[in-house]
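Thanks for coming. I will show the structure first and then go through a few contacts in it.

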Amino acid sequence: MAAVREIEFQTQRGDSLPVLRIRPSKGWVSLKLGELWQYRELLYFLTWRDIKVRYKQTALGAAWAIIQPVMTMVVFSLFFGKLGKIPSDGVPYPIFAYAALVPWFFFSNSVASGTLSLITYRNIVTKTYYPREIVPLAQVCSRLIDFFAASVFYAGFMAYYRVSLGPWALMTPVFFALLILFTVGFTLATSAINVFYRDVNPVVQIALQLWLYLTPVAYPLSKISSRFRWVFVLNPLTAIVEGFRSSLVFGRAPDWNIVSVSAALTLVLFAAAFVMFKRMDKYFADVI
């Protein structure tokens, strides 16, 4: 049953009973992109369900979407800004750190929950056919609520510190799109591999903790030695967080060389992860 990819119903002449014809997928992998649109209501249902479950029976509700980056910003401001004297390129350190923490937490929380999503929804994965990528996609979509809630709070920060938006703020949708593509691609990859190897999840959790400090969130990229700068350039999140800072906080153009590398890596990762996911999803029901 795991190899079934196409179902066709036909009615024979003189026979009122339908004939069920089952055919395997043709080619190396069948992407079936149109099915994502056909099952959009399921994506909406799983997204809304995850949001309700996450904040059910919580006293603060959706405020937790703001508390997490705010408290991290406070800790960073104390230890890195005050005690560590980490420079913030001429702007108040809290708004410098918070501008990067908002996209970072969107990525890390999406990956953390998305990695376990197929295991969490094993009942419908094994009993019902639908595009399996909808499950990790729902985890990413549900985190958009957190992202926009934290972004509204960031607007208050800008007003408090009297930071005005410049014309380069129009570039933020570009970095937001890169953030979405990279998050979806990485989540698809980890969720698919986690079905076959359950120790992927703890590895991902540890990697996310280390990844935070390998991304210029608490410090500016300009302070990284040129000897190790290439390591940060190969991290797609570097261009994303630096892009948000450049366009919103500093009102200047981003480093286009880093952005181009990040965009290329993100597109390659997204395409490879999506094809890998579609190649592996036919075995999910048997393994999970």
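Start with Trp104, which touches Leu208, Trp211, Leu212, Thr215, Val217 and Leu237, leaving out residues up to four places away in sequence; contact means heavy atoms within 4.5 Å. This is a predicted model, where local features need pLDDT of at least 70 and side-chain atom pairs count only at pLDDT 80 or more, while totals for chains, interfaces and linings use all residues. Residues are numbered from 1 along each chain as its sequence is written, and side-chain values use heavy atoms, without hydrogens and water.

Trp104 is also among the residues that touch the most other members of the largest nonpolar core, together with Tyr98, Phe107, Leu118, Tyr154, Leu237 and Phe284. That core has 75 residues, and a nonpolar core is a set of buried Ala, Val, Leu, Ile, Met, Phe, Trp, Tyr and Cys residues joined through side-chain atoms within 4.5 Å. Helix α4, residues 93–115, gives the largest share, 15 residues. Helices here are DSSP runs of H or I, at least four residues, numbered from the N terminus.

Next, Asn235. Where is Asn235 placed? In the loop between α10 (229–233) and α11 (236–250). Asn235 has a relative accessible area of 8%, so Asn235 counts as buried, the cut-off being under 20% with a 1.4 Å probe and protein chains only. Setting aside neighbours within four places in sequence, Asn235 contacts Trp211, Leu214 and Thr215.

Last, a helix pair. Ala65, Ile66, Pro69, Val70 and Met73 in α3 meet Asp146, Ala149, Ala150, Phe153 and Phe157 in α7.

Technical notes:
Helices (H or I, at least four residues) and strands (E, at least two) are DSSP runs, numbered from the N terminus. Buried means under 20% relative accessible area, exposed over 50%, partly exposed in between (1.4 Å probe, protein chains only).
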